[in-house]
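Here is a short report on one protein model. Look at it first, then read on.

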Amino acid sequence: MSEAGTAITRDYRLNDALSRVSQIIGRVLLYGILIFMSLWFIAPLFWMFMSSFMPLEQVGVFPVEWIPRVWQPENYTDALRFWKFGTTFRNTMIITIFSLFGDIGSCTLVAYGFARFRFPFRDTLFLILLATLMLPFAVRLIPVYAAYDAIGWIDTFYPLIVPNFFGNAFYIFICRQFFLGIPQDLLDAAKIDGANELRIFTQVMIPLAKPAIVVIAILSFQNSWNDFLGPLIYLKDPDLHTLAIGLYKFTSLPGQGGIYNQQMAASVMMVMPVLIVFFLFQKQFIQGANLSGMKG
Amino acid sequence: MRKREAKFGLLFIAPWIVGVLLFALFPFVASFVLSFTKYNIVAPPEWVGAAHYEHIFTDDPLFLKSLKNTAVYVGGSVAIRIILGFALALLLNTKVRLLGLWRTLFYVPSVVPIVALSIVWLYVLNARAGLLNWFLGFFGISRIRWFADPDFAMLAFLIMSTTWVGVTMVIFLAGLQGIPEEYYDAAKIDGANMAQRLWRVTIPLMTPTIYLNVLINIIGAFQVFTQVFIMTGGAPRDATRTYVLHLFDHAFQYLPPQMGYSSALAWILFMIIFAFTAVIVASSQRWVFYQGGEE
């Protein structure tokens with residue numbers, strides 16, 4: 001009886017030890033993979049940053065070197081001489097800020113309309129809204145370009161700003177989901193107090209919808225800041241170029257192909273504002289990604 | 001009261017109604033009409049019937065080539081995003097320490113502007129001194145001439161796309177975190193091992209999220225353009241000429257611009273994306289499981 005008991009205990013202990021070993025191996029493996037993947041994701045960006053301070057002859061050496069032999073901050077000032085950073089930065093800011101206001105204003109209005117009112121064909125219209133997400137930009141590209149050309153908007157910021165005042169399907173979707181989650185009681189209370197629709201919208205809904213608005217603001221900022229194709233076709237005058245186009249032109253200038261360190265310095269200058277915003281609003285970035293993954 | 005409500009509702013959505021007419025319906029119809037014309041922006045469009053479509057299907061070798069390249073990118077990059085994104089989300093869902101840190105590190109490349117990423121990756125993929133060849137050297141793989149060799153050029157873009165799984169991963173992670181612990185406890189009591197729990201509990205419950213990610217990523221991947229335009233412009237020997245690059249060149253690079261031809265290409269792309277979406281949506285009833293109670 002007691003013998004069998006100790007055997008079981010011993011067996012149990014062995015199992016326990018085994019499962020602990022396998023657990024440790026599992027953890028080591030887990031963190032090993034996570035570290036490897038982080039390096040895989042970050043290494044190119046880290047190298048961009050480091051090589052932006054390297055002397056030119058160090059950038060092309062093999063095997064790859066990671067730490068500048070001499071730190072050369074003048075790569076940045078040299079890059080600025082070829083590339084009108086100030087102008088492109090200002091242009092990008094103008095487009096980004098106006099687009100941001102357009103997106104927030106139009107998308108909250110429209111989302112509120114879809115979320116809180118009953119009107120004929122509402123659900124059909126909302127389906128159409130979702131369907132437009134499927135329409136490839138390539139299909140819209142040419143007629144829209146031709147139309148802007150006809151009204152003289154090529155080489156102005158209007159094509160990059162004005163459409164944002166008419167609602168973006170994806171942001172409207174995000175915002176509507178959020179509005180649907182706000183309890184009706186709050187609105188009814190405001191109505192009983194005699195507030196009109198516009199007042200309810202601006203004084204009750206908008207303050208409550210702040211989290212959704214921040215998400216839209218971030219997506220809109222990212223969209224304008226990173227946009228390449230739009231500025232590429234609409235802005236031909238170098239004085240109107242955005243950061244994205246300025247950077248592209250800088251790296252593809254004839255004879256500039258070789259100055260990797262300055263190209264990396266220019267890239268760092270373009271990336272920095274986005275990274276700063278990302279680190280300040282990380283939670284909202286993640287939220288934005290999550291909202292985009294919600295089923296409708 | 002009902003009438004008043006409808007009036008306000010329509011008033012609120014009015015900006016979008018104008019927008020959808022101007023920026024979706026008008027271009028949608030106009031590009032279809034333009035696809036039957038010869039159009040160079042300067043002169044008014046000139047009707048040519050189905051000539052562009054005929055030319056595309058019979059006499060444009062780059063149409064098939066770019067379609068094939070795009071198909072490779074769609075298949076490869078969507079598989080990478082779904083599989084790698086899901087795998088990373090699973091790893092992060094194991095009560096891992098420093099969850100926020102890992103999630104941030106995986107997400108960072110997704111917020112970096114694509115122009116800057118493209119320029120950096122040109123050097124990562126540099127044949128002589130690039131990071132990737134340096135890394136592969138540790139495994140005894142000799143230097144690959146990524147953008148000089150037609151067999152490797154498209155693969156290079158797929159490798160680059162692995163660093164963008166951040167958004168997909170975050171969506172999966174949120175989905176995984178929403179699965180109630182009781183389901184796993186019940187499966188454990190029934191004696192299910194880890195693989196069985198993954199296959200019988202996690203994946204079925206995640207099918208709505210997988211479905212959505214497949215759809216979003218397929219539609220996006222068919223339109224791959226910017227990094228190809230910046231990094232190779234379609235070289236070497238059109239091995240990386242993607243579909244949208246091909247139609248962009250016709251509209252904006254060639255002189256005189258061939259906007260009508262480009263519109264025909266755009267409409268074919270639309271039909272392809274539409275067909276893919278329709279098939280996926282139709283098939284979803286067979287493999288996507290919504291939990292009871294919700295919706």
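Where is the place of B:Pro236? B:Pro236 sits in the loop between helix 11 (226-231) and helix 12 (243-253) of chain B. Helices (H or I, at least four residues) and strands (E, at least two) are DSSP runs, numbered from the N terminus.

This is a predicted model, in which local features need pLDDT of at least 70 and side-chain atom pairs count only at pLDDT 80 or more, while totals for chains, interfaces and linings use all residues. Residues are numbered from 1 along each chain as its sequence is written, and chains are lettered from A and ligands numbered from 1 in the order in which they are written.

Most residues other than glycine have a negative phi, and most peptide bonds are trans. Chain B has exceptions. A cis peptide bond links B:Ala235 to B:Pro236. Another cis peptide bond links B:Leu255 to B:Pro256. B:Pro256 is found in the loop between helix 12 and helix 13 (259-287) of chain B.

Positive phi values turn up too. B:Asp238 is not a glycine, yet its phi is positive. B:Asp238 belongs to the loop between helix 11 and helix 12 of chain B. B:Ile41 also has a positive phi without being a glycine. B:Ile41 is in the loop between strand 1 (37-38) and strand 2 (46-47) of chain B.

| Site | Angle | Value |
|---|---|---|
| B:Ala235 and B:Pro236 | omega | about -10 degrees |
| B:Leu255 and B:Pro256 | omega | about -5 degrees |
| B:Ile41 | phi | about 80 degrees |
| B:Asp238 | phi | about 60 degrees |

How open are these sites? A residue is buried if 20 or more other C-beta atoms lie within 10 Å of its own, exposed if 12 or fewer, and partly exposed in between; C-beta atoms are placed from the backbone. B:Asp238 has 19 other C-beta atoms within 10 Å, so B:Asp238 is partly exposed. B:Ile41 has 16 other C-beta atoms within 10 Å, so B:Ile41 is partly exposed as well.

**Where the chains meet**

Two residues are in contact if their C-beta atoms, placed from the backbone, lie within 7 Å. B:Ile41 has a partner in chain A. Leaving out residues up to four places away in sequence, A:Asp149 touches A:Ile154 and B:Ile41. A:Asp149 is part of helix 6 (residues 137-150) of chain A. A:Asp149 is partly exposed because 14 other C-beta atoms lie within 10 Å.

Now take the whole interface. In total, 77 residues of chain B are in contact with 74 residues of chain A. Helix 1 (residues 2-34) of chain B gives the largest share of chain B's side, 21 residues. That side has 61 nonpolar, 13 polar and three charged residues. Here Ala, Val, Leu, Ile, Met, Phe, Trp, Tyr, Cys and Pro count as nonpolar, Asp, Glu, Lys and Arg as charged, and the others, Gly among them, as polar.

**The chains one by one**

Chain B has 13 helices and two strands. Its C-alpha trace spans about 75 × 75 × 30 Å along the principal axes. Of its 295 residues, 38% are buried.

Chain A has 15 helices and zero strands. The C-alpha trace of chain A spans about 95 × 70 × 35 Å along its principal axes. Of the 296 residues of chain A, 39% are buried.

**Two domains in chain A**

Chain A is assigned domain 1 (2-74) and domain 2 (78-292). These bounds come from an automatic or database domain assignment. The centres of the two domains of chain A, taken over C-alpha atoms, are 38 Å apart. Nine residues of domain 1 of chain A are in contact with eight residues of domain 2 of chain A. On the domain 1 side, helix 1 of chain A supplies the largest share, three residues. That side has five nonpolar, three polar and one charged.

**A helix pair in chain A**

Which way do two neighbours run? The axes of helix 8 (residues 169-180) and helix 11 (residues 210-226) of chain A come within 10 Å and cross at roughly 170 degrees. Therefore helix 8 of chain A is roughly antiparallel to helix 11 of chain A. Axes are lines fitted to C-alpha atoms, for helices over the stretch in contact, and angles run from 0 to 180 degrees between N-to-C directions. Angles under 35 degrees count as roughly parallel, over 145 as roughly antiparallel, 65 to 115 as roughly perpendicular and the rest as oblique.
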